[in-house]
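I opened this notebook page to record what I looked up, one topic at a time.

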Amino acid sequence: MTAAGLIFSNIHDATIPELTRMRTIASVPFGCKYRLIDFPLSNMVNAGIDKVGIVTHNNYQSLLDHIGTGKDWDLARRSGGIKILPPFITAYDNAAANKLYTTRLEALFGVLNFIRRCTEEYIVMSDCDIICNIDIADVLKTHRKTKSDITIVTKKINPAYYPLSKDIETVTADCDGNITDVCEYMASEEQGQIEISMNVMVMQRQLLYKMLLDAAAHGYNSFYRDIVVKNIGKLKVTAYRYAGYYSLVGSLASYFSASMKLLEPDVRAGLFAVDNRPIYTKVRNSPPTKYIEGASVKNSIVADGCVIEGTVENSILFRGVRVGKGTVVRNCILMQDTCVGDDASLNCVISDKNVMIKDGRNLSGHETMPFFLGKGVMI
Amino acid sequence: MVKKKECVAMLLAGGQGSRLYALTTKTAKPAVSFGGKYKIIDFPLSNCVNSGFDTVGVLTQYQPLVLNEYIGNGLPWDLDRTYGGVKILPPYQGHTRSDWYMGTANAIYQNLEFIERYDPEYVLILSGDHIYKMDYAKMLAYHKEKQADCTIAVIDVPIEEASRFGIMTTDEDARITKFAEKPKNPESTNASMGIYIFNADKLKKYLIADEADPESSKDFGKNIIPAMLAAKERMFAYPFEGYWKDVGTISSLWEANMDLLGKKPELELNDEAWRIYSRHYASSPQYVGSEAVIDNSLIIEGCEIEGTVKNSVIGSGVKIGRGATVIDSVIMEDAVIEEGATVVYSIVDSETVIGKGATVGEDRATASGIAVLGRGVRVADGDKIAAGAMVSVD
């Protein structure tokens, strides 16, 4: 049973404009040293998938820089490995056709050649806005065992705890997992659990290819509405109910809460300490993190390459962060190479890469509205 | 197909490092962990790459498993090259002879064929037991400028320590006039760092001659260098200034680790211009618990610290439980210090487990020595390991 992967790097870019102004959602930094794409990519690699196409749209420089040759995921291969699939626009098309894709289905039209030329039996698709460590090999096994045509990985959640954006698809399925309907999420008065699509899907490659050609011929533009829903009853569409740890990043506030959840031991265990399923990321060769005399760090996660002289509590420090003497950092996410001077005070701050916070600054947000400092800002 | 290289580096990594006792029962000295996320060999390898030398032969002999696995295809150091790169050179069975490496000179002699494949003008000889950052390209430029046959890197050591080293006496042009291996009454303070650049043809000539001498101990310091001096070859001392430490003993290994601590450390690893590379495996970020106290220490990714850590270097994946205390110690990767255990003035090798409430070592001020726990040792709950003790699995 062989499978190739397909990762959509830009779908959901619009949900965190603060972090995706200069990058794809796939390359949004998360959890001290990772980028969001590390999770779907590692999940695929851990299932033995050694050919992964990454569908890009725009702003993908940071993504290319992160992925490199793919060697940090063991995907620098002579055959297979990482294939970056940038938008394909020929020089002779008329201007009207030179549009970038706007939907998942149009994105798939753009990579028809990749799908056609694969030799693998299955295609596993994934987005980058969900943080989980899922056994894709088991999803594939179940897909085969249930003789499904389309398997959609789903998660039962309570929207009261997971603020959902409109681009989430909710799934209706019976107790055996047979999907009877898929539709966009609508906020309602009703409380309680709903089942949503994690946008991780398995299909037979040839079936997918055939359906894409058909959809293109009919001028369809929605994957869920025109491919999944139209075929319910004709094809076997199954929900794979994922029970493990899961975080959805759909806004700056949910990014903040998903990050803070990493301070819980169970979450770290479910994400990073699963046997034989590590999460890989780009190696940066940072030196060890140095705690200087007088440093005080409590309940925080810290990457390599930091130099800490001040106080850090309930925070997430990325590689190369510096926290000066007398500075207090609480409930913050400080991304790569953020430099905080002496005697500053930070609470509920998210700083993007290379932010410089000078001596004595006093910045505070709230967990529902974190104070965000864009890339390279000096304050 | 092999491309010609101007200079080939040969890294002597076969030594047992018997003065590191429990730390080298299962591992060759160059593969001993250092600074939390490095191994000793990362320093000469990174120096090679940063100096622009892309062809490195690593001569292994003693307990090569960990070292071989660590070096692999050389990817972490960018030494996975189509032409050149890093190559492991173990002793081998030849058509007419097969021998273990009998000494540093013999080890290079047995691999002359490897060197000749690259047809180099120069050969750089390095050893895998020193911690330092050095630009070998500058040394090579010096070697060419002096039109030397052999250049030996030297460092100024305190006169009272000079009798531990090979000492060079030089004239005003830095030409070596005399070499004394561990002299009782040293004439100078120019100590050999064990780093040599030879003109390839001269090296070959002296290695072949030395091999033919049954009395020779087949060592660079004892045989090759004296023979070349006696023949009045052009030999120069290249003065090196900066941090350099031989980590061949327990106390020097401990000191070198401690030299990384502090705001202005003796050896700065946070150096964009001269990075030290090492092999990384996927590990999660380090977690520092609500009750943890960390003071003047280095901590690496993958650690979970719930206890107290002071003046220590903690390797990747180490777990330090609640109420546990680690002071003045070096803890290597994946060791576990369980709740309430105390580790003071010790070196704890990888995958060692120190049980609940156990005590290892003694306060530095009163201890008779550094306690050393070898790889994979398990200290039972509540046990006590004395200062200066040496514990290994077998």
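This is a predicted model: local features need pLDDT of at least 70, side-chain atom pairs count only at pLDDT 80 or more; totals for chains, interfaces and linings use all residues.

**Entry 1: the model and the domains of chain A**

The assignment gives domain 1 (3-272) and domain 2 (290-373) in chain A, and I found their C-alpha centres 32 Å apart. I then looked up the contact between them: 19 residues of domain 1 of chain A are in contact with 23 residues of domain 2 of chain A. Together the two domains of chain A bury about 1,700 Å², with 74% of that area on carbon and sulfur atoms. On the domain 1 side, A:C32, A:F256 and A:L263 account for 41% of the area buried against domain 2 of chain A, more than any other three residues.

For the charged and polar links I noted 1 salt bridge across the interface of domain 1 and domain 2 of chain A, and 2 residue pairs in polar contact between these domains. Helix 1 (17-20), strand 2 (29-30), strand 3 (34-35) and helix 9 (252-260) of chain A each give at least two residues to the domain 1 side of this contact. Helix 9 of chain A has the largest share of that side, with 6 residues. By class, the domain 1 side that touches domain 2 of chain A holds 12 nonpolar, 2 polar and 5 charged residues. I also looked up A:D352 and A:R23, whose side chains meet in a salt bridge at 2.7 Å, N to O.

**Entry 2: chain A against chain B**

How many residues does the contact take from chain A and from chain B? I found 37 residues from chain A and 39 residues from chain B. The two chains bury about 3,000 Å² between them, and 47% of this lies on carbon and sulfur atoms. Within chain A, the residues that lose the most area to chain B are A:N285, A:K290 and A:Y291, which together make up 23% of what that side buries.

Between chain A and chain B I noted 6 salt bridges, along with 21 residue pairs in polar contact. On the chain A side, two or more residues come from each of helix 10 (265-272), strand 14 (289-291), strand 15 (296-298) and strand 16 (300-302). The side of chain A that touches chain B divides by class into 18 nonpolar, 8 polar and 11 charged residues.

**Entry 3: B:E301**

I followed one of the interface residues further. B:E301 sits in the loop between strand 16 (297-299) and strand 17 (304-305) of chain B, and its salt bridge with A:K33 has its closest N and O atoms 2.9 Å apart. Is B:E301 buried or exposed? Its relative accessible area is 5%, so B:E301 counts as buried. Beyond its neighbours within four places in sequence, B:E301 is in contact with residues of chain A, including A:A303, A:D304 and A:R319, and with residues of chain B, among them B:S283, B:P285 and B:G317.

**Entry 4: salt bridges elsewhere**

Over all chains the count comes to 41 salt bridges, and I looked up a few of them. A:R104 pairs with A:D127, the closest N and O atoms being 2.8 Å apart. A:R104 lies in helix 4 (residues 104-110) of chain A and A:D127 in the loop between strand 6 (122-126) and strand 7 (130-132), so this pair ties together parts that are 23 residues apart in sequence. Both A:R104 and A:D127 are buried.

The side chains of A:E313 and A:R330 meet in a salt bridge at 3.0 Å, N to O, linking strand 18 (residues 311-313) and strand 21 (residues 328-330) of chain A across 17 residues. A:E313 is partly exposed at 22% relative accessibility, and A:R330 is partly exposed at 37%.

In chain B, the closest N and O atoms of B:E187 and B:K178 are 2.4 Å apart in their salt bridge. B:E187 is exposed, with a relative accessible area of 51%, whereas B:K178 is partly exposed at 40%. I also noted a network of salt bridges that links B:D149, B:K202, B:K205 and B:E233.

**Entry 5: B:P30**

B:P30 has a relative accessible area of 3% and is buried. Leaving out residues up to four places away in sequence, B:P30 touches B:A13, B:K39, B:I40, B:I41, B:L67 and B:G128.

Key
Residues are numbered from 1 along each chain as its sequence is written. Chains are lettered from A and ligands numbered from 1 in the order in which they are written. Side-chain values use heavy atoms; hydrogens and water are left out. Buried means under 20% relative accessible area, exposed over 50%, partly exposed in between (1.4 Å probe, protein chains only). Contact means heavy atoms within 4.5 Å. Domain bounds come from an automatic or database domain assignment. Buried area is the accessible area (1.4 Å probe) that two parts lose on being put together, summed over both. A salt bridge is a side-chain nitrogen of Lys or Arg within 4 Å of a carboxyl oxygen of Asp or Glu. A polar contact is a pair of N or O atoms within 3.5 Å; within protein, one must be able to donate a hydrogen and the other to accept it, and residues adjacent in sequence count only if both atoms are side-chain atoms. Helices (H or I, at least four residues) and strands (E, at least two) are DSSP runs, numbered from the N terminus. Ala, Val, Leu, Ile, Met, Phe, Trp, Tyr, Cys and Pro count as nonpolar, Asp, Glu, Lys and Arg as charged, and the others, Gly among them, as polar.
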